[in-house]
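Dear colleague,

Please read the notes alongside the model itself.

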Amino acid sequence: LDPAATLLGEAQWAWLAERLAEPADVRILCSSVQLAAEGTGWEGWSNFPLERQRLVDLIREKRAEGVVVVSGDMHYADLSRWDTPACYPLWDLT
């Protein structure tokens, strides 16, 4: 695994930053792969540590409360919690 690998492009990050800056009580982030699950052995944000941290940093920077994740690409249901440093826990429903 390349720790410098990216999941999103700069245009996607810019779009996401704009959406996270908008007022909202709840923000549903849809991802093709799991964000919160660790060690699945498959594709997931955990395979892109710099991108995953960048997402947490962006949520914190934009003060975007109420982010929940809906993810896919697994052949089972899962509810994962990621206790992020310096941010609230992120929940991921697969």
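Helices (H or I, at least four residues) and strands (E, at least two) are DSSP runs, numbered from the N terminus. This is a predicted model, in which local features need pLDDT of at least 70 and side-chain atom pairs count only at pLDDT 80 or more, whereas totals for chains, interfaces and linings use all residues. Residues are numbered from 1 along each chain as its sequence is written, and side-chain values use heavy atoms, with hydrogens and water left out.

A pocket is an open set of points on a 1 Å grid over the protein atoms alone, where a 1.4 Å probe fits, with protein on both sides within 12 Å along at least five of seven lines, and its lining residues have an atom within 4 Å of a point. H1 and E1 each supply at least two residues of its lining, which includes Trp-15, Leu-16, Cys-30 and Trp-45.

The largest pocket, at about 220 Å³, is lined by 13 residues, and Leu-16, Arg-19, Leu-20, Arg-27 and Ile-28 lie nearest its centre. Helix H1 (10-21) and strand E1 (27-31) each supply at least two residues here as well.

With best regards

Terms used. Grid points are joined across faces, edges and corners, and a volume is the space filled by probe spheres set on the points.
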